[in-house]
Amino acid sequence: MVDGAPLVVATADPSLMRMLTFALDQHHLAYTPYTSGSAVLDALLAMPKGHTPAVVLLDVDLPGVDGHAILERLGVERPEGFLIVVLSSHADESVQVRSLLAGALDHLAKPFNVRVLMAKLRRWTSIARRCEAA
Amino acid sequence: MLSLDALAVALATEGALIACALGGLVALRVLLVARTRRVEAAVAELEPMLHRWLVEDTPPDPIVRQLRGLPTYVAFRSVARLATPYLTFERQQRLAPLLRRETWVREVLDGADSLLWWRRFDAARLLSIVGGGDDAPAIASLLADTSPAVRLVAIDAAARLGGALVERELATLPARQDAVQQYQFAALSRHPAAVVAALEPRLTPLETPQRLTTWIDAAAALAHPTVLWRVRDLALHPDASVRLHVARALRRQPEPETVPVLLRLLQDDDWRVRAQAARALGALRATSAVSPLATAVRDRAWWVRYRSALALAQIGGDARLTLLAVAHGEDPLARDMAALVAGLSSAAVVEMSEV
């Protein structure tokens, strides 16, 4: 939990997962890791509605269902349910625009600064709390 | 009898030699396995050290020490594997001065002069992580390498240094294949200030259309206002291919002055220019272009009708209502196109506009 907001990490890259989980552990942030697109999509859709929106660190390159497809599906089925941050090897303008227009809170191109990401997580958490209050 | 004794001695000697050889092989195998395990364990320890440095901002010295204990090639592979996906440029800059003092780094960099292309490749790869100003001659030599793989990696190293090497690489862009051009420019764009300085004087009508279109594409990829202003000034170029690239590039320039230029290009004699102008107007969400775009949906060229309809859908609001009105209009070609695009989801409109 990030001060009450569930945190989900979805990436099939083992090194990236190890780095993120290490960073989250160091910041005492609980999280649920997923390594496949279909598993994380099912888990997110199964989350109860009306609670603090979950913060999702979503790698685009996932087996099963890719990150963009997950983003689009959640945009249709649970448009206000999640604060999704897309992680991608692609920094192209079109890819970033696609993520953001599909409802992502941010698009981070790899390699990203993990300390900055942790600082942003705090900020996004407060946004999630405000969403819940609203 | 003597010969039997000699045979027995020979057999015994042979047996002993075979036993020694087998024993040696087994011992060698055990040593190799043990060494591999030690190296693997050391490599496995490297990643958490790197994470600690990245997350907690601890001094990077343990990483450097750990790499020092590895065989040269393993140390190099570990750095190459971890640096590109996980280290930002700023972090690479912090690690580079420490690594440059290491023996294994010097050994790999000495490969820049090797007759073996893969050693030159490794040297270029490492220079893209630890290269500094003193390495400019070596990088310049690798940029002119006979191996395309070495040249590609050397571009990263050149981009790291900027300056004259960027200028030199930029000059070679028009001669490259499209895919190489894109890779090359993506690498160079990590130093936008150097690229802008080198690109700006090239965006002139005095250049040949073939070279000019390459510079315009580079300016569009960079999306820096200074170079895009120069691109906009080329909208009246007599060569249609130049105007086509200008129209395509201007979708990256969200300024009020850009819209009248694109509206002029929407009237161009060449349908390819008109199509790209419509696409750019959609990307810029130019609400003042709704009426000309509605007219362009009736264009005689399919691509212009398609791009114009997509642009109206992208602009949204009243533009979508205009698109629906065209879908119920009298012109059958415009009606079909408007109906096709009006039925697309907003995500599909974004995706198709980018293609």
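User: What share of the contacts in chain A with a separation of 6 or more is accounted for by residues 24 or more positions apart?

Analyst: This is a predicted model, and the figure is computed from its atoms. Among contacts in chain A with a separation of 6 or more, those between residues 24 or more positions apart account for 66%.

User: Which pattern does chain A follow when read along the sequence?

Analyst: Chain A contains 5 helices and 5 strands. Of its 134 residues, 47% count as buried. Read along the sequence, the elements of chain A follow the pattern β-α-β-α-β-α-β-α-β-α.

User: What is the bridge partner of Val8(A) in strand 2 of chain A?

Analyst: Strand 1 (residues 7–10) of chain A pairs with strand 2 of chain A in the parallel sense, over 3 bridges. In strand 2 of chain A, the bridge partner of Val8(A) is Thr32(A).

User: Is His28(A) buried or exposed?

Analyst: His28(A) is placed in the loop between helix 1 and strand 2 of chain A. Its phi is positive, about 55 degrees, although His28(A) is not a glycine. Because its relative accessibility is 74%, His28(A) counts as exposed.

User: Which residues does the cis peptide bond at Pro111(A) join?

Analyst: Pro111(A) is found in the loop between strand 5 and helix 5 (114–133) of chain A. Omega of this bond is about 0 degrees. The cis peptide bond joins Lys110(A) and Pro111(A).

User: How many helices and strands does the secondary structure of chain B come to?

Analyst: Chain B has 355 residues, of which 48% count as buried. Among its contacts between residues at least 6 apart in sequence, 62% join residues at least 24 apart. The secondary structure of chain B comes to 21 helices and 0 strands.

User: How many nonpolar, polar and charged residues has the contact of helix 7 of chain B with helix 8 of chain B?

Analyst: Helix 7 (residues 136–143) of chain B packs against helix 8 (residues 148–161) of chain B at an angle of about 145 degrees, with the axes 8 Å apart. Their crossing is left-handed. Among the residues that make the contact are Ile139(B) and Leu142(B) of helix 7 of chain B, and Arg151(B) and Ala154(B) of helix 8 of chain B. By class, the contact of helix 7 with helix 8 of chain B has 10 nonpolar, no polar and 1 charged residues.

User: Which term describes helix 18 of chain B relative to helix 21 of chain B, given their angle of about 135 degrees?

Analyst: Helix 18 (residues 302–315) of chain B and helix 21 (residues 346–354) of chain B pack with their axes 10 Å apart, at an angle of about 135 degrees. Because of that angle, helix 18 of chain B is oblique to helix 21 of chain B.

User: Which residues of helix 21 of chain B make the contact with helix 18 of chain B?

Analyst: Helix 18 of chain B passes helix 21 of chain B in a left-handed crossing. Helix 18 of chain B contributes Tyr306(B), Arg307(B), Leu310(B), Ala313(B) and Gln314(B) to the contact. By class, the contact of helix 18 with helix 21 of chain B has 5 nonpolar, 2 polar and 1 charged residues. From helix 21 of chain B come Val349(B), Met352(B) and Ser353(B).

User: Is Thr258(B) buried or exposed?

Analyst: Thr258(B) is found in helix 15 (residues 258–265) of chain B. Leaving aside neighbours within four places in sequence, Thr258(B) is in contact with Arg232(B), Leu250(B), Gln253(B) and Leu284(B). Because its relative accessibility is 0%, Thr258(B) counts as buried.

Key:
Residues numbered from 1 in each chain as written. Chains lettered and ligands numbered in written order. Predicted model: local features only at pLDDT ≥ 70, side-chain atom pairs only at ≥ 80, totals over all residues. Heavy atoms only, no water. Axes fitted to C-alpha atoms, helices over the stretch in contact; angles between N-to-C directions. Helix = DSSP H or I, 4+ residues; strand = E, 2+ residues; numbered from the N terminus. Parallel < 35°, antiparallel > 145°, perpendicular 65-115°, else oblique. Left-handed = near helix turned anticlockwise from the far one by under 90°. Contact = heavy atoms within 4.5 Å. Nonpolar A, V, L, I, M, F, W, Y, C, P; charged D, E, K, R; others polar. Pairing = 2+ DSSP bridges. Buried < 20%, exposed > 50% of the residue type's maximum accessible area, 1.4 Å probe, protein only.
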